[in-house]
Amino acid sequence: MLKTVIFDLDGTIGDTLPLCVTAFKRAIEPLGGVTLTPREIISHFGPSEEGVIRELFPDRYEEALELFISSYRELHDMAPRPFDGIPELLAFLKAKGVKNTIVTGKGMRTLRITLEKYGIASCFEILEAGSPEGPCKAEKIRKILEELNISPQEALYVGDAPTDITESHEVGVAVCSAAWASTAEPELLEQMNPGRVFGTVAGLRAYLEQQLA
């Protein structure tokens, strides 16, 4: 029986990756005196935003971090609402007694900003953010399983990235791949997670309704 659905955020709950990149550009370029492409910025992802900024600006960390956070908040109209169907999916799962949780590579501050902007913060039982030290989704998924006292077979992860598949499988948790964002790679996801790639939130909901019937 499914007891928790663990959601990623960027590219899964909202189309927020372009927002992240733009906020990084606003914070990094004036301080560093450089112009970075989106690809160059994304190449640093893995650690949370705090880790990326600490790597790029160890001597001006606090200044750069606060500039990034303020930029992220101010620019949030770039991703003004969650993907169509996400609030309804969260409400459906909650009504079925399934706990909605989050494991994301984002820092906790930007995670909370987005959930508040979207008006869905109260839909989630547990929030696990990224680490400045590097990727840690497998570890954070284990933490949620332990906190809820459930087995990997009673959980499902929903995320848009290939690494979401590998890190969830490392813990023994099944994955539904979200391929509805502008940044998704549906063909690669299908190669890695055949039969569980969804191009719409409605498609994922239909699958979950069948699982919970």
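Modeller: A salt bridge is a side-chain nitrogen of Lys or Arg within 4 Å of a carboxyl oxygen of Asp or Glu. The model here is predicted: local features need pLDDT of at least 70, side-chain atom pairs count only at pLDDT 80 or more, and totals for chains, interfaces and linings use all residues. Residues are numbered from 1 along each chain as its sequence is written, and side-chain values use heavy atoms, leaving out hydrogens and water.

Colleague: Which residue forms a salt bridge with arginine 60?

Modeller: Look for an Asp or Glu partner, as the definition asks. The closest N and O atoms of the pair are 3.1 Å apart. The partner of arginine 60 is glutamate 63.

Colleague: Is glutamate 63 buried, exposed or partly exposed?

Modeller: Buried means under 20% relative accessible area, exposed over 50%, and partly exposed in between (1.4 Å probe, protein chains only). Arginine 60, at 36%, is partly exposed. Glutamate 63 has 43% relative accessibility, so this residue too counts as partly exposed.

Colleague: How many salt bridges does a search of the whole structure find?

Modeller: Some of them join into a network, which links Asp8, Lys137 and Asp164. The number for the whole structure is 13.

Colleague: How many residues apart are arginine 54 and glutamate 133?

Modeller: These two form a salt bridge, with closest N and O atoms 3.2 Å apart. Arginine 54 sits in helix α3 (residues 49-56), and glutamate 133 in the loop between β3 (126-128) and α7 (137-148). Helices (H or I, at least four residues) and strands (E, at least two) are DSSP runs, numbered from the N terminus. The pair links distant parts of the chain, and the separation is 79 residues.

Colleague: Which helix holds glutamate 170?

Modeller: Glutamate 170 meets arginine 142 in a salt bridge of 3.6 Å, N to O. The two are 28 residues apart, with arginine 142 in helix α7. Glutamate 170 lies in helix α8.

Colleague: How are the rings of phenylalanine 7 and phenylalanine 124 arranged: stacked, tilted or edge-to-face?

Modeller: Rings of Phe, Tyr and Trp (its six-membered ring) pair if their centres lie within 6.5 Å; planes under 30 degrees apart count as stacked, over 60 as edge-to-face and the rest as tilted. The search of the whole structure finds five aromatic pairs. In this one the centres are 6.3 Å apart and the planes stand at 80 degrees, so the pair is edge-to-face.

Colleague: At what angle do the ring planes of phenylalanine 198 and tyrosine 207 stand?

Modeller: Both residues are buried. Their ring centres are 5.3 Å apart. The pair is tilted because the planes stand at 50 degrees.
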